[in-house]
Amino acid sequence: MSAVSVEFKGVSKRFGNRSVLAAVSGTLQRGRVLVVAGPNGAGKSTLLNILAGLLRPSRGEVVYRNGDAPLARTHWFEHLGMAAPDMAVYEELSALENLRFFARLRGLHLEDPTLQELLDGLGLPPREHTRTVGTYSSGMRQRVKLAQAILHEPPVLLLDEPSSNLDEAGHGVVADLVARFRELAAVAVATNDPREMTWADARIDLAL
Amino acid sequence: MRASTLLSESLAVLGKELTAELRSRVALNAVGLFGLTTLIAVAYQIGPYRIQEQDRPHLLAALLWVILFFAATSGLSRVFVKEEDAHTAKTLRLAARPLAVFAGKFLFNLILLAALYAFIVPLYCALMGYAVQGVASLALLLACGAVALSATSTMVAAIISRASGSTTLFAILSVPLVLPLLVMLIQGTRAAAGSTTIAAVLPALQGVVSLGGATLVISVYLFPVVWHD
């Protein structure tokens, strides 16, 4: 896994007349978890979307670096894994088929046992691997979303409310996942959950 | 760097579309039922005998494409709208190259159109007593028309996918783009019905291929912007 860092400076975002983010700066780097906290509507998800390159900031800049070399925006996605409440996997496909699909898109040649191991590790029982996601509970869907986010072991991992819809065991799974990726990747977690805030090596508090 | 090729990514998107469609059958049912209903209504009201002989070549060619186009419209617009509605668009944006997404969706729409043509055209010829002399010419025209229509529809579907009232918008945006194509396809079909030689449909065929080719080339440049911004 390459060491990719993300630096963002003076990032602001406006939607029409409404200012959602005002001059937010920070850095994502391997070995550190950045927690983005704040009340609903403070712009946590917007900041993560900007860091992912899914939204363009109204002001400020986001720079991805692989070592010292800046990465072109068109290559950000290759280095990025993300799970968010407004991201879903395909309901018509099973968990295994979803992972096969995303692995193929990312050029990974992963055998089914590897994918099943990943799903097992996130707490999805083996009997559910081949059922279509449309029949899953919201907690099971969240586990598949997390699996697609870490499938390619990305050097940048963005998690927006990663424990949403998960039970206590699920929260533990996410805590383990963050602990593992802290050593491997630059991690950002957007959350309101006080337990998740304890993961922070650095923290950005956004206000309304 | 990616280890996957654009082709393998495009085929992955196509495979996902086909699997999802075969399980949900939403687009297939929409296109098939719309096509069949329109065809039966036309056949019942007009049939093979209520058109004057001198009007048959013009009217039968036009009616065929009206049925095919409107049936196709009901299904082709869904390829991107369903991604936005199901919140899978963002997941796909992060995982696939824009061109692979476009190519996969374009191929899926092409297969949907081919299925529609294979279902409706023989039925139409039978119910309307439409004797086509140049079957090979018509087949070529249908194939080229499907490519052009699929390219246009896929691009328009991407543009309208994030808008509310997207189905209405699809019709509004695609009709002006598709109108010249339809005119050429109707002219070509009329020519194919009356002649066994490919030369008879060549002017229409050239127009359809040019328009389809231009749309595909423009889409290659425009789609990444539409998809990400």
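Chain A has 6 helices and 9 strands; helices (H or I, at least four residues) and strands (E, at least two) are DSSP runs, numbered from the N terminus. Before I go on, a word on the model: it is predicted, so local features need pLDDT of at least 70, side-chain atom pairs count only at pLDDT 80 or more, and totals for chains, interfaces and linings use all residues. Residues are numbered from 1 along each chain as its sequence is written, while chains are lettered from A and ligands numbered from 1 in the order in which they are written.

Let me start with the overall build. For 208 residues, a compact globule would have a radius of gyration near 17 Å, and chain A agrees, with 17 Å. That radius is taken over C-alpha atoms, and the globule rule is 2.2 Å times the number of residues to the power 0.38. Along its principal axes, the C-alpha trace of chain A spans about 45 × 35 × 30 Å. Of the 208 residues, 46% count as buried. Buried means that 20 or more other C-beta atoms lie within 10 Å of the residue's own; exposed means 12 or fewer, partly exposed is in between, and C-beta atoms are placed from the backbone. Then contacts: two residues are in contact if their C-beta atoms, placed from the backbone, lie within 7 Å. Among contacts in chain A between residues at least 6 apart in sequence, 72% join residues at least 24 apart.

Now, the sheets. As a reminder, strands of a sheet pair through backbone hydrogen bonds, either parallel or antiparallel. Here two strands pair if DSSP finds at least two bridges between them.

What is the order of the open sheet of 5 strands with parallel pairing? In chain A it goes E6-E7-E8-E3-E9. The edge strands are E6 (80-83) and E9, each of which pairs on one side only. From one strand to the next, the twist averages 15°. A note on angles: axes are lines fitted to C-alpha atoms, for helices over the stretch in contact, and angles run from 0 to 180 degrees between N-to-C directions.

Have a look at strand E3 of chain A, residues 33-37. E3(A) is mostly covered, with 4 of its 5 residues buried. E3(A) pairs with E8 (residues 186-191) in the parallel sense over 5 bridges, and 4 bridges join E3(A) to E9 (residues 202-205), again running parallel. For Ala37(A), the bridge partner in E9(A) is Asp205(A).

Which strands does helix H4 of chain A touch as it packs on this sheet? H4 (residues 138-150) touches E6 and E7 (156-160), and its direction makes about 170° with that of E6(A). Helix H5 of chain A (residues 168-184) lies across E3, E7 and E8, running at about 145° to E8(A).

On to the other sheet in chain A. This is an open sheet of 4 strands in the order E2-E1-E4-E5, with antiparallel pairing. E2 (18-28) and E5 (69-71) stand at the edges with a single partner strand each, so one side of each is left without a neighbour in the sheet. Neighbouring strands of this sheet are turned by 30° against each other on average, direction ignored. E4(A), residues 59-66, is joined to E5(A) by 3 antiparallel bridges, and Tyr64(A) stands opposite Leu71(A) in E5(A). Helix H1 of chain A (residues 44-52) lies across E1 (4-15), E2 and E4, at about 125° to E1(A).

A quick stop at one residue: Gln116(A), in helix H3 (residues 112-121) of chain A. Is Gln116(A) buried or partly exposed? Gln116(A) counts as partly exposed because it has 17 C-beta neighbours inside 10 Å. Leaving out residues up to four places away in sequence, Gln116(A) touches Leu96(A), Pro126(A) and His129(A). Gln116(A) and Leu96(A) are 20 residues apart along the chain, and their C-alpha atoms are separated by 7.1 Å.

Finally, chain B. How many residues of chain A are in contact with chain B? There are 21, and they meet 20 residues of chain B. On the chain A side, E6 and helix H2 (95-105) each supply at least two residues, and H2(A) gives the largest share, 4 residues.
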